[in-house]
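Visitor: Hi! Could you walk me through this one? I'm new to reading structures.
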Amino acid sequence: MFSQNISPKMALLNVFLGLFLLALTNIPGNVVCQNSVTDLVTPEFFDGIKNQAPATCEGKGFYTRDAFITALNSYPEFGRTDTKREVAAFFAHVTHETTDFCYIEEKNKADPHCTSPQYPCANGKFYYGRGPIQLTGNGNYIEAGRAIGFDGLNSPETVARDRVISFKTALWFWMTYVHSVLNQGFSETIRKINGPAECGGRNRDQVLDRVRRYTDYCKRFGVDPGSRLEC
């Protein structure tokens with residue numbers, strides 16, 4: 001009934017305004033996030049890391065930027081609010097864990113890491129570190145498998161064979177345990193990833209290597225790393 005009192009010109013303006021607002025609401029929420037992350041993680045940035053590893057490293061042919069970007073599509077909240085620091089922190093940890101994308105699997109394969117009694121372990125399966133974040137422990141494999149869509153209980157080796165799933169496990173772990181403490185400083189990200197083994201002076205050399213990588217990436221991205229760095 002109200003439309004009868006609106007002029008044709010005003011009605012046309014309302015139509016255009018409505019279409020404009022509709023277009024805004026239909027923009028995928030991860031477009032800005034993804035573009036900003038990919039602007040930082042350029043081929044030059046990613047390959048520059050891999051090029052620091054010896055040619056004999058198994059990870060040089062496994063870890064790729066394309067796999068990271070594909071995995072990133074499943075985690076649109078990554079890098080949304082503090083893009084440069086989050087990308088710097090993530091790559092500081094994964095390059096530390098893999099020694100510049102050299103290693104796919106943990107060097108010590110003797111321990112099955114069946115460490116979470118509330119979760120089962122499959123006979124003959126080992127849950128040692130694999131992938132960019134070196135996912136470890138039967139519980140983490142099972143939960144990551146449920147979230148991502150692979151059999152973490154019976155096929156943990158998938159993380160070392162499928163490069164996209166490998167990066168998804170790293171991003172899953174990050175978004176589940178690390179992302180929420182990023183605003184508390186880089187020190188808290190170390191605590192979440194390997195706190196019991198490194199923090200409180202237990203293994204300062206490892207902490208310093210993570211910090212060195214993080215501050216270097218922050219410098220490249222032109223962002224202040226913050227003051228709380230060591231745990």
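Guide: Happy to! Let's start with a word we'll need: a residue is called buried when its relative accessible area is under 20%. Keep in mind that this is a predicted model.

Visitor: Okay, so how many of the residues of helix H4 are buried?
Guide: Six of the eight residues of H4, which spans residues 65-72, are buried, so this helix is largely enclosed by the rest of the structure.

Visitor: Which ones are they, the buried residues of H4?
Guide: They are Arg65, Ala67, Phe68, Ile69, Ala71 and Leu72.

Visitor: And what share of the residues in the chain is buried?
Guide: Of the 231 residues in the chain, 45% are buried. The chain exposes about 12,100 Å², and 53% of that comes from carbon and sulfur atoms.

Visitor: How many helices and strands does the chain have?
Guide: There are nine helices and zero strands. If you read along the sequence, the pattern is α-α-α-α-α-α-α-α-α.

Visitor: New topic: at what angle do H7 and H8 pack?
Guide: Helix H7 (residues 163-178) and helix H8 (residues 186-198) pack at about 115 degrees, and their axes are 10 Å apart. Their crossing is right-handed.

Visitor: Why give both an angle and a distance?
Guide: Two packed helices are described by the angle between their axes together with the distance between those axes.

Visitor: Got it. Which residues in H7 and H8 meet?
Guide: From H7 you have Phe173, Trp174, Tyr177 and Val178, and they meet Thr189, Lys192 and Ile193 in H8. Sorted by class, this contact of H7 with H8 has five nonpolar residues, one polar and one charged.

Visitor: What is glutamate 157 in contact with?
Guide: Setting aside neighbours within four places in sequence, glutamate 157 is in contact with Lys125 and Arg130. With lysine 125, the two side chains make a polar contact at 3.2 Å.

Visitor: One more: is glycine 200 buried or exposed?
Guide: Glycine 200 counts as exposed, with 67% relative accessibility. You'll find glycine 200 in the loop between H8 and helix H9 (204-221).

Visitor: How far is its C-alpha atom from that of glutamate 230?
Guide: The C-alpha atoms of glycine 200 and glutamate 230 are separated by 9.1 Å, while the two residues are 30 residues apart along the chain.

Definitions and conventions. Residues are numbered from 1 along each chain as its sequence is written. This is a predicted model: local features need pLDDT of at least 70, side-chain atom pairs count only at pLDDT 80 or more; totals for chains, interfaces and linings use all residues. Side-chain values use heavy atoms; hydrogens and water are left out. Buried means under 20% relative accessible area, exposed over 50%, partly exposed in between (1.4 Å probe, protein chains only). Helices (H or I, at least four residues) and strands (E, at least two) are DSSP runs, numbered from the N terminus. Axes are lines fitted to C-alpha atoms, for helices over the stretch in contact, and angles run from 0 to 180 degrees between N-to-C directions. A crossing is left-handed if the near helix is turned anticlockwise from the far one by less than a right angle, and right-handed if clockwise. Contact means heavy atoms within 4.5 Å. Ala, Val, Leu, Ile, Met, Phe, Trp, Tyr, Cys and Pro count as nonpolar, Asp, Glu, Lys and Arg as charged, and the others, Gly among them, as polar. Accessible areas come from the Shrake-Rupley method with a 1.4 Å probe; for residues, only the protein chains shown count as cover. A polar contact is a pair of N or O atoms within 3.5 Å; within protein, one must be able to donate a hydrogen and the other to accept it, and residues adjacent in sequence count only if both atoms are side-chain atoms.
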